[in-house]
Amino acid sequence: MNDKNVEQAIDLVIERVEIIYYKAAFPKSSENILPPSYQVIVSALINGIHRTAVREGASRNRFGRVSQSHRATLEVAAERLTSSTVSAPKGELQAKVDNVIAATLDAVYQEKKKRVQGVRRFRAWRTNRRYRRDLTERLAPLLSCVMDHAEPDLTQTDQRSAQSGGFVISEGSRWSGSKAAILARRFIEIDDYVSFPLPSKPVLHGHPINEFEDYDDLRLLRKNGTKGYLYYYYSLGFGLRTRRLSKFSLVATDDHNRSMVFSWSTSQLSSIAAHALCVNKEATRQLLIDADLPVPQGRAFSPHAPDAIANYATTIGYPVVTKPVNGSKGEGVVVNIRNQAELTRALAALRRSIYRASDTIVERYLPGRDYRIVVVGDEVRGALLRAPASVRGDGEHSTLELMLGKHAWRMRNPHFIGRSAFIDEESAFGSLRHERLDLTRVPKRDELVTFGTSCNLSQGADSVDVLDELHPTVAEAAVRAVGAVPGLRYCGVDMLLEDHTQPIDAQAAGIIELNAKAAIGNCEYPMFGQSRAVVRHVFLELADEFSMTLHPMTDHHRRVTCEVRGNLRGTRYLHWLEKTAHGLDVRHQLLHHGKRQLQIEVEGPLAPVAMLTTRLIIGPLGTRPTSVRVTGIEKTEATSHSSVATLSQMKGI
Amino acid sequence: MVSMSEHKLNQVSTQFDGLLVQYRAVARGFQFERFPGQLLILSDSKLPARKSSFVHSVGGSTRISSVTFLLQKRFRRALLEMADIPMPPGATFTFRSRSSPARYAERVGFPVVVKEVFGENPSVQVRDVDNDAKLMMAAAQIRAILPTDKWRQSSSYAQSINLSSAEDVGDSLLKSSDSRYLIEKQVNGSCYRAFVVGGRVRLMTQSAGISWQVISSKGDVAVLSEAAVAAVPGVESGTVDVVVDHTGEPFVVELAERLVIPDSWQEQEDAYVRLVDQLIDFECQWIGVADRVGSVGGCLLHLGGLDRGPQVLQAALFNVVGLDVTVAEHDEIAGTASIWLAGSALDIASAIEILAEQKIASVIRASPGDEIRQWL
């Protein structure tokens, strides 16, 4: 055979598919052209050379973002494409890649079909052919990236640049540069990022980032869904019957018709007056000072007293912190103000914010690490170190790539579902614009690059469980702080400490805030370190205080009846219910189905039964369930709250 | 009892429930701390660790999640329904709904009352809606009312429990078309307002046109009012509005966590003073603060968070309350001062209200009683 006629085989491996979603954008006029809404990056290895193709998509829903269904389709296809391998002579490569694409489309179609199985509407109009055409349009940027890799011709120059730093094909035109450089241009517009496969696990303080096995189920509960799930898990676990009236409210009732009510992260443990005292940070400061607890030196000012504020800052000495008296989630807080010019800027920013009419607290800046210590009743039940958003260098990837990788992992934490680290505030990942960090720089191995100064988890900070390491004097101070506010029985105590393992009086320490609505779920789902059952202790305290009866908590099977009311849109809700129960491997039986209500019996292990009951108030798109009652069928021997020994044992578990 | 004129009192505050709690705290010689937003902490000088807190007239026995359930009228109805409390038939609709609200109103029968679903108590409402056109107008009226509207002072806790987030305000400054309103059958008859403290009715009034007259307790209304408060876990005190229709059947139409004190409370001052004293007694007993009854000739105030000089403070108090202020100490940088106020308990309470709510001071520590003056 003549060698000239034998074409050399080309080996193509799709190594990674990444998708970057951008923040919502709306046209200001009919002539206004919007930037792309997402970018697809496909990295491949072609005959040993790494190449990256980038394409952009412009699909937007009425909220200005890529729709959830579009995202789901893209991500199923991306996952399917990852690790695809093609080996073919040059002339046949295109055809082989076409086969990969066809197989991907088929897989996406089958997945979609599986998800909507039983819905007649889908079967009626979504024929295979038409759906494939829709899919091809929807996946065009992703499929184009794959096709880009089917063009293997590289010049000598191209090959050199590929080996030195990455070779990018963007919008069909080929040019040298790094992926990071392209993304850095629109960095502040990034809203979310996914990667298949996931990047290597980030590590913080010696802990690899946590993975939670129930993430795939919990993410269907959407943003803040874990709160409802945890309430259901313990309600059913303790043998309480429940009534849910919205995604964020639950009434749990015992055998003697005594009830406890939950709303968002709040329960009956604390009084409304205690909550109001915690919202007023100056009131909190005064109560902590009265209790001889460490509080940074400071005071409150009315919003129109910049001269008095400047005089005071000079008197107590820079650096200082300014914060609105009634702010929440760290909004409006400016830390480490080093001189009068920075103070003027901080006050100007406050005047532009929603806190413009609020009094302002000025206090000395303590440079310690930030902790959230969760107190339930008179005990510390959770302790988190809240570290500002950061990445650790590996000597290979740019700062931007490391950030995106960390974000991808963070978003798999159930507590952060739907809560992007790329936020609009001037903090966390969003603050890079102001700090002028070089996103394309490759940090050295183990170099820690920190973004912004916010330690608030809502603003991108990391949570690390430190409960077992907490020095007893620190825990005692947290409990005393909660005791200083009359009526406060559940609280997140925010402290600044140099070292949580050392005695509190042997270090610079200060309590900076008491949060009576501390988020439920952040100790159950810390990013790093051990999970803590804070909600369990909330239930036990409530039962104790309100004389309620709880059954012993076990993970045994639960058999419950669920009554759902509301606009259930005919059989749509029922089909969704069957699919959901099937997906969670929970046995279910329809007892009654009316126009605006249905009744089912559900049986299975506690966690999936709680997961299913949590989802009932959400339902499928287009339905509006307004009430869900869940009643246990089997009875176990009740444990009275008055049995102190038993209750103590339960709290100790 | 020395009373300010109603006109002057209206300049001090329209939130009479919190003002009354403070007035009685001064009159009864409690030491207390006061913060803006009608936040009050009563304490016992002998046992300083024991404290009882109030926000307006809502004491420590009322819990945070319970208040959310009361502010959300659909949840409030659900809790009352679970306890078999009779209410007028009602249902919620989105502002986007067109035909369903009218169909529902026809089914239950006009006239109906249109209420805000998520908002402060007693509910913002439009009454006497007796046809479809009026129903649409009433819904539009309710939709236009935003939590930030200043036509009445809002509770200091209302915004912080996501009151505003329930209503997406767009450019048009309306509630979102997805948010909901409540239609209730309007029950006509005799209207009673029962004040429940510690689970028991302590004062009952009856509507007489635009005012409320104190009456001796009406048995069935009292029983129903107590049951209504008991239906909400984590609530021991509140105000219940009951309508008894022409057949004698009572219906709960409103339930508020605050004591809803009428503007004309000074006309029946003794009754409302006794009510608030009972509230303080219940809350203090509940938390363990001892009652200290003593005569009050003046009050020592330690103020914090002052960023205006003592002249401003003196002028503010003299202009409205007519009180002379003796300034004992003042530290401009620290923003602190100690002052002595001499006057009646209501005058002193009013002065403290002005200092806190006009943001003259962010912290006020009060020690009422003539014997304190010697410390100056």
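Helices (H or I, at least four residues) and strands (E, at least two) are DSSP runs, numbered from the N terminus. This is a predicted model, in which local features need pLDDT of at least 70 and side-chain atom pairs count only at pLDDT 80 or more, while totals for chains, interfaces and linings use all residues. Residues are numbered from 1 along each chain as its sequence is written, chains are lettered from A in the order in which they are written, and side-chain values use heavy atoms, with hydrogens and water left out.

**The interface**

Begin by selecting chain A and chain B together, where the contact (heavy atoms within 4.5 Å) takes 49 residues from chain A and 43 residues from chain B. The two chains bury about 3,800 Å² between them, 62% of it on carbon and sulfur atoms, buried area being the accessible area (1.4 Å probe) that two parts lose on being put together, summed over both.

Next pick Arg63(B) and Glu545(A), which form a salt bridge with the closest N and O atoms 2.9 Å apart; a salt bridge is a side-chain nitrogen of Lys or Arg within 4 Å of a carboxyl oxygen of Asp or Glu, and the count between the two chains is four. Then colour the elements of chain B that each supply at least two residues of the side touching chain A, among them β1 (31-35), α3 (64-71) and β17 (363-368).

**Loops with a positive phi**

From Glu545(A), move on to Ser547(A), which is found in the loop between α17 (534-545) and β24 (558-567) of chain A. Ser547(A) has a positive phi of about 50° although it is not a glycine, and with a relative accessible area of 29% it is partly exposed (buried means under 20%, exposed over 50%, partly exposed in between; 1.4 Å probe, protein chains only).

In chain B, select Lys359(B) in the loop between α10 (345-357) and β17, where phi is near 55°, again a positive value in a residue other than glycine. Lys359(B) is partly exposed, at a relative accessible area of 33%.

**Two cis peptide bonds**

Stay in chain B and select Phe110(B) and Pro111(B), joined by a cis peptide bond with omega about 0°; Pro111(B) sits in the loop between α5 (99-108) and β6 (112-116). Follow the chain to the bond from Asn121(B) to Pro122(B), which is cis with omega near -10°, Pro122(B) lying in the loop between β6 and β7 (125-129).

**A buried alanine**

Finish at Ala310(A) in helix α12 (residues 306-316) of chain A, which is buried, with a relative accessible area of 12%. Leaving aside residues up to four places away in sequence, Ala310(A) touches Gln340(A) and Leu343(A).
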